[in-house]
Every structure is written in structure tokens, then in C-alpha cells.
Amino acid sequence: MACPPRSGAPGPYDLRENPLSTPAIPLLLAAEGDGEFHAPTIADFFPPAIFFEGTPFEFNRIMLVRVIMAVVLLVVFCIAARRAKLVPGRFQNAIEMILDFVRNSIAVEVLGQENGRKYFKLLATIFCTVLVMNIAAVIPFLNIAGTSVIGLPIVLAAWTYVMYLGAGVKAHGVGGFLKNSLFPPGVPPVLYILLVPIEFLQVFILRPATLVIRLLANMVAGHLMLAICFTATSFFLFDSAGAMKLFGAGTFVAGFAFFLFEVFVAALQAYVFAILTAVYLNMSVEAEH
Amino acid sequence: MMTPLNTPTATVLAAETSEPNLLIPHWPDIIWSLVIVVIIGLVFYKYALPKFQAVLDERTAKIEGGIAKAERAQEEAAEALKEYHQQLAEARADAAKTREEARAEGTVIVAEMRSKAQDEASRIVETAHRQIEAERQTAAVSLRTEVGSLATELASKIVGESLQDSARQSRVVDRFLDELEAAGDESRSAQATPVGKEG
């Protein structure tokens, strides 16, 4: 199976016939015939539509990956929940470990006992969603993170945004929340000329924007690094001659290292997203910050 | 539509002219993401997480219940031990009391016996006294009768002899007394036998 050309005029997309074909792995299996090295580009993140093309419901490979991962997540959790027993088995223990981690290390740690319990569902949902969508980046045949296209990070960040603004307004009222957020206490009044715009930017624009961009950039970069390593391996092994093939071993090792690193980044970014959500909630709910 | 990938022509153009911007969201991307997040959120909020929370709470309750039960059992054991100690102390106290009572009773019995013996002794002494008194009276009665007869005899003897000189006089008196003495001895030995039997 040939991979789509990545630069120049796009030819007919083979991806359209097999939505599960990926830019990276197939290159390992089958070399491109032209003997040239094609670096992965961000076109990977904008694959052609599979169906509903041209409508707002245009469905492409990234959406398919998201749907698959969502189904996997829901099936795993529903099975675990339905079989949940007082004395947990190994499977239930693993799921509970994740939930315990969210509750103890994120929710209760940041928000305290009462609020931590209150927002546990939100944090657990966000953490698990981000985690599975991220982990798709290293799953063979998916090979791309559901969060590496901006839509999903935006939706998740918007949820966090609405929740922390809502929590602040609920706790202090609109005026109280604005006063708490924009007028940090213990500052000379003159400085408010400077601080209020900064705080406004911070609370209403930078927090959600950084949530989106941090996650997106990490997953995009991870995918590109993995794809470069494996396309390079493929190129060296199959398209280069003689001693050049040895470079393939080096790039493969690097690819494997990036694979492990990507697993780590996937979990780390899920943790970062969830803990920042908790922190923002806490800043909104707290009397003074 | 702002999305450059909406039509094949647009795709081609976008790919040819410039690469798509990663930071610009496309509607299908957002819509599908929203659908997925809403579905995941609904299932998590309505089913999976409540179920897990229920199980976790139940487990916590069970563990706490177990701890409370163990504490209760410990308390009960402590209570039983206390009770046992108390009973032991009571039993010891009872034994001591019984011993004390027995000793007191013994003392009382001894005292009673002693007083009874005393009574008996005093009764015997009294009986002896009474006996002696009776004998004395008997003796006095018999003495009185004898004294009369003796006096009469003596008087007749005195009258029978002339009592001129004192030598004679004293002889007569001595003789009388000797006789009297002999008579007294006789009567005493006659009465001594029953007294000796009683004594």
C-alpha cells in the first residue's frame, strides 16, 4: 500500500479507501517507490473526508480515531462499572487505580475534600478522555492522537472554561467573582490599572487558550517526531543503498524511544489538563486568591 | 464556510498554496469532538462514575463498619475482663468474709462455752456452799440440843460434888470439857461420812 504523497500536488488519496492506513507505520512495512525521503507534514492532521464531505458533519480519519477511542473507553468503563464489586478483581483494580489517582492526586489534592468530591466527575471525565485520545498516538493503525487536531482540545477547554466561570459565579455571584478574579487583594490601588487587564486576559482568554494550545502542540509534535523517525527508518532500510541502511537502525531506536516518550507525554498531558482544570476551579471557588 | 478542507477543490488549493493552519478550528472537527465529549460525559456522569463511587463508598462503609465492629468486640472483651476481675474480687471478698465470720462464730462459741463452764463451776460452788450451810445448820441444831443436855449433865455433876476448892473446880471443868470433846468427836465422825460422800 502506498502512502499519500505529502508535498506537491496531492494525488488520489489512498487513505480514502482505507481510513485506517497511517502515515507512519505503513512506511515501515512498505517503502515508497520513488526512493525519496518524504518528511511528514501537518497535512497528516487534515486527512480527506471519508463521508459527509462538504457538510458540517464531514467525517475524516481523525474523527474515526476519536470515535474508536471513545468507544473503547466507554466499553471498558461500562464493563468495569457493571462488574464493579466490593472486592475488586484485577481489571476493576486497574480502573479504580485511575479513578483513585484522579480523586486523590488531582481533585482532593487541589480542591480539598468537599469540592474535590463535587468536581470529581468532571475531572475524571476530562482526564480519561484526554488520556485515551492522547494514547491513540501510539496505538498501531490509529497512530494519531484524537487531541492532535484542535477541535477536541477546544471542546474540552471550553467545558473547563464554562465550569470554572460557572463555579466562580455560583460561589461569589457575578460581581464577587469579577472582583475576586480581576482585583487581587493586597495590591496598591494604582497597580490595578496594570493588573486588571492582565488578570482579565489571564482568566478569560489565556487560561482556555493555553489549555488548548499546550495539549494540541504536544500531541502534534509527538506525532511528527514519531512519524519522522519511522519514515526515516523506512527510507534508510528500503530506499537507501549500502552503509546508509545502518542509519535505519539508529532512527528505529530513536523512534522506539519517542514511542515510549509519547506514552509518557500522553499521560502527562492528560494529568496537566486535569490538574489545571482543578486549579482554575479552585481559583474561582476560593474566597481570595 | 471558513474551513479550507470543505471541498475537494479547496483541499487541493489549500495543499498547493499553503499548509492548513493547525490553530484554526473547522466546524466538522468541533462538531464531532462535541458529540464525542458529550457522549463520553453522559455515560461517565450518569452511569460509570456513580457506579464506581457507589462501590467505593460501599467499600469504605464496609471497612469502617469492620473497624467499628472490631472496636466493639474489643470493648466487649475489656468489659468481660473487667467483670471477671470484679467477680474474682467479689469471690475473694466473700471468702474472706466467710472466714471472718467463722472466726467470729468460733470466738462466740468459745466465749459461750467458757461462760457455760463458769456457770457450771459457780453452780457447783454454790451447791457446795449450800451443802456446807445445811451441814452447819444441822450441826448447830444438834449442837443446840446436845449443849442443853450437856449443860444439864454438867450442872448435875457440879451440884453432885462440892465445889469448894478451885483445884477441884478446874478438874471438874476439865473433865467436862474432855467429855464434851469426846462427845463432839463422836458426833462428828458419825456425821462425817455423808459429808465426805457428797464432797
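This is a predicted model: local features need pLDDT of at least 70, side-chain atom pairs count only at pLDDT 80 or more; totals for chains, interfaces and linings use all residues.
How many residues of chain B are in contact with chain A, and how many of chain A with chain B? In it, 37 residues of chain B are in contact with 40 residues of chain A.

The most comes from α2(B), which gives 25 residues. If you sort that side of chain B by class, you get 25 nonpolar, five polar and seven charged residues.

Staying with chain B for a moment, UniProt, in an unreviewed entry, annotates residues 30–49 as a transmembrane region. In the model, residues 30–49 of chain B are 100% helix and 0% strand, with end C-alpha atoms 25 Å apart.

Now over to chain A. Here the unreviewed UniProt entry lists several transmembrane regions, including residues 122–142 and 215–238. Residues 215–238 of chain A are 100% helix and 0% strand, and their end C-alpha atoms lie 34 Å apart. For residues 122–142 of chain A, the figures are 67% helix and 0% strand, with 27 Å between the end C-alpha atoms.

Next, the packing inside. The largest nonpolar core has 84 residues, and Leu123(A), Phe127(A) and Ala136(A) have the most contacts within it. Helices α2 (61–82), α3, α4 (120–135), α5 (151–182), α6 (192–239) and α7 of chain A, together with α2 of chain B, each supply at least two residues of this core. The biggest contribution is from α6(A), with 14 residues. To zoom in on Ala136(A): leaving out residues up to four places away in sequence, Ala136(A) touches Val65(A), Met69(A), Leu142(A), Ile144(A), Ala145(A) and Gly146(A).

Last stop, a helix pair. The axes of α3 (residues 90–118) and α7 (residues 245–285), both of chain A, come within 10 Å and cross at roughly 5°. Angles under 35 degrees count as roughly parallel, so α3(A) is roughly parallel to α7(A). Who makes the contact? On α3(A), the residues include Val102(A), Ile106(A) and Asn115(A), and on α7(A) they include Ala274(A), Ile275(A) and Asn282(A). By class, this contact of α3(A) with α7(A) has eleven nonpolar, two polar and no charged residues.

How values were computed. Residues are numbered from 1 along each chain as its sequence is written. Chains are lettered from A and ligands numbered from 1 in the order in which they are written. Axes are lines fitted to C-alpha atoms, for helices over the stretch in contact, and angles run from 0 to 180 degrees between N-to-C directions. Helices (H or I, at least four residues) and strands (E, at least two) are DSSP runs, numbered from the N terminus. Angles under 35 degrees count as roughly parallel, over 145 as roughly antiparallel, 65 to 115 as roughly perpendicular and the rest as oblique. Two residues are in contact if their C-beta atoms, placed from the backbone, lie within 7 Å. Ala, Val, Leu, Ile, Met, Phe, Trp, Tyr, Cys and Pro count as nonpolar, Asp, Glu, Lys and Arg as charged, and the others, Gly among them, as polar. UniProt positions are given in the numbering used here, feature names are shortened, and annotations may be inferred rather than shown by experiment. A nonpolar core is a set of buried Ala, Val, Leu, Ile, Met, Phe, Trp, Tyr and Cys residues joined through C-beta atoms within 7 Å. A residue is buried if 20 or more other C-beta atoms lie within 10 Å of its own, exposed if 12 or fewer, and partly exposed in between; C-beta atoms are placed from the backbone.
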